[in-house]
Amino acid sequence: MQIQQWLLAIRPKTLGISVVPVLVGSALAWAELERMAWLPALAALLAAMLIQIGTNLYNDAADFERGADTPERLGPERATAQGWFSARQVKLAALISFGGAFAIGIYLAWIGGWPIVVIGLLSLLAGYAYTGGPRPIAYSASGELFVFIFFGLLAVSGSYYLQTGTLSTETLFCAAAIGLLAAAVLLVNNYRDLETDERAAKLTLVHYLGRERARQLYVLLLILPFALPIVFNHRFDGSWLVVLCLPFALWLLHRFSREPLGRGFNTILANTAKLQLLYGGLLSLGLLL
């Protein structure tokens, strides 16, 4: 039973957010070099997942301690709030996850040099600072920006750099597209939890924007990534494969605008994460082809 509860605690449905950037960065490197260093790619993938798992676990414990996870919360069950594990146990699991990522990072730093050291250390620090420390990122208006930077710009660029030892304009375009979709996942989460977050002094971007402008931002976050094939201007024609998931994005926009506030947003959240995974998979496939 505890294994199932730990699996729920790491939030497996969200892990695509850390997997996709590594896939896209590595696929773009393959498209340009027609070769792949598989061990660094797999190591980067595992390290990224461990950082996200550590972030999810620390968030679980910290939100409970700060009073953000109450019985009124609309989201899925949280391990600490449900009493499955103590906050101390969950935080220890988070530190073990971060420690595993750090250990893998030593190997990646040996392969990629100081830029990978900087990205790795910043990612670990940000994973803790997301809900840890005196001014947690998750309790401010910068959460979506944090996700855009760390699960978009840095993760894609770092994965590409591991393979090539350099960066390119195309890398930044891909990184921005993936980061926008990752930020959309967090936006749905914060939109759903606005009232309970405000009672816990968790003043996210949705609090400052209001629901109407948050809905408008969600539209931008979902639609802008589909401009990527146009930006590439025939550089990578396979990137047009991402258009296959445009109907899914449009359906999500419709659901988001029409869904009454409640637990139905859990499905929208899960499907937004699936959209990012599908988009990243199609983009990676298009680049490899």
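Modeller: Helices are DSSP runs (H or I, at least four residues; strands are E, at least two), numbered from the N terminus, and the expected span of a helix is 1.5 Å times one less than its number of residues. This is a predicted model, in which local features need pLDDT of at least 70 and side-chain atom pairs count only at pLDDT 80 or more, while totals for chains, interfaces and linings use all residues. Residues are numbered from 1 along each chain as its sequence is written, and side-chain values use heavy atoms, with hydrogens and water left out.

Biologist: What span does helix α12 reach from its first C-alpha to its last?

Modeller: Helix α12, residues 246-258, has 13 residues and reaches 19 Å, close to the 18 Å expected.

Biologist: Which residues of α12 are buried?

Modeller: An α-helix has 3.6 residues a turn, so residues three or four places apart point the same way. In α12, the buried residues (under 20% relative accessible area; exposed is over 50%, partly exposed in between, with a 1.4 Å probe and protein chains only) are A249, L252, L253 and F256. They lie on the same side of α12 because they cover an arc of only 100° around the axis, taken from the directions from the helix axis to the C-beta atoms. The face turned away from that buried side carries the exposed residues P247 and R258.

Biologist: What covers the buried residues of α12?

Modeller: The cover, judged by contact (heavy atoms within 4.5 Å), includes α7 (169-192), α10 (211-223) and α13 (264-288).
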